[in-house]
Amino acid sequence: MTGTGGDGMVSGALHSSSAVIHKPIVRITVLFLGVLAVSCIVLYKSAYHFEFLPGSSSDSDSISMSDNRTSKGKNDWGLERILKNASTKHKTVILTTLNQAWAEPGSIFDLFLESFQVGDNTQKLVNNLIIISLDQKAHARCLAIHPHCYALRTKGLNFSSEAYFMSEEYLKMMWRRIEFLGTVLEMGYSFVFTDADIVWLRNPFPRFYPEVDFQIACDNYYGNPEDKNNRPNGGFTYVRSNLRSILFYRFWFQSRETYPGKHDQDVLNMIKNDPFLEKIGLKMRFLDTAYFGGFCERSKDFHEVCTMHANCCYGLGTKVHDLKIVLEDWKNFMSLPLEEKASASPAWRAPQNCSLFSDHLQDINPEESGFHVHPASFDLPDTF
């Protein structure tokens, strides 16, 4: 009896001691979890702070980026599949956009694809090229001649015809492009975006800066890749997928509401010095027109040029005419005997039909006039 009572007392003492020991542990655990939860919320809001600021996309916005981020429908699965099939082992793709106006046989699209075939070490890059079609006819044309095609659906918008500079449809196309590219980054893929009125004459990847988040071609380049006075052109960019670039594209897209009625390039010029970019640590570089040229500022050396853009030029027919000349000049250069080619220094014959427009621009100060050069028609559209 005494033994039994002693065991009971010992057992009671152990339970009492256990309760005394566990209560502080429970309190500490609850406190730790609470601090951890608050820390996570603070870090999230710090990283995505501009999403909570006035001027973010409204619920009714037909092209709200948040809709794409949260959507997990058939289109997302289809895009993921196409990105995976076209990407390099480093998850990098080449993207362009296409509408019916530029997809017609003999038009911009054919010249764009031809350039990959006649360029220097560009043939294999076609395997990484995804055509983003904006209407049914453009998509049908893509499927007939290219393995990687994605139909971008945009409710209530029709991008099938030529969109004239700064028209309502033009602005919607520009911002739809920024939204879509942001989605690609969020899916973990880096990309080169190229307008279809750019001919690829040499593999550009060796000319990109390493360890840079965002690189962009220029209408006018002033000699320093870090100089933010350079005049960027959103028709050609190389962007690495990471938190900095994702935050940048969200900020860029949302800034359209801060600067209503402006297209993406104008808004980029307005935000490229914003403290937010420094805060997120975005590394930005501007690409030299010696390698990434155009009709605004040509790449003069055939031995160095990577791409030529039909910028500073209005009208689909005008662009087609002058890009054909560019490809003719390039094919003549590439057909030269090896020794003769090494010492050759040919000059471009283009722009021709675009030249009147290009010459006129020399007297225009874009900052004062509020005018910025961009193709009049737009088809919305790690080493290799």
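The model is predicted, so local features need pLDDT of at least 70 and side-chain atom pairs count only at pLDDT 80 or more, while totals for chains, interfaces and linings use all residues. Residues are numbered from 1 along each chain as its sequence is written, and side-chain values use heavy atoms, without hydrogens and water.

**The sheet.** Select the seven strands S3-S2-S1-S4-S7-S6-S8, which in this order form an open sheet with mixed pairing. Strands here are DSSP runs (E, at least two residues), as helices are (H or I, at least four), numbered from the N terminus; two strands pair if DSSP finds at least two bridges between them. At the edges, S3 (149–151) and S8 (284–286) each pair on one side only.

Next select S2 (residues 129–133), which pairs with S3 in the parallel sense over three bridges. Here isoleucine 131 stands opposite cysteine 149 of S3.

**The cavity.** Now select Ile198, Ala217, Cys218, Asp219, Asn233, Phe236, Phe292, Gly293, Thr307, His309 and Asn311, which line the largest cavity. A cavity is a set of points on a 1 Å grid over the protein atoms alone where a 1.4 Å probe fits but cannot get out, and lining residues have an atom within 4 Å of a point. S6 gives the largest share of this lining, three residues.

**The helices.** Last, select H6 (residues 136–145), which lies across S1 (92–98), S2 and S3. H9 (residues 264–271) lies across S6 (214–220) and S7 (231–239).

Terms used: Contact means heavy atoms within 4.5 Å. Axes are lines fitted to C-alpha atoms, for helices over the stretch in contact, and angles run from 0 to 180 degrees between N-to-C directions. On a 1 Å grid over the protein atoms alone, a cavity is a set of points where a 1.4 Å probe fits but cannot get out, and a pocket is an open set with protein on both sides within 12 Å along at least five of seven lines; lining residues have an atom within 4 Å of a point.
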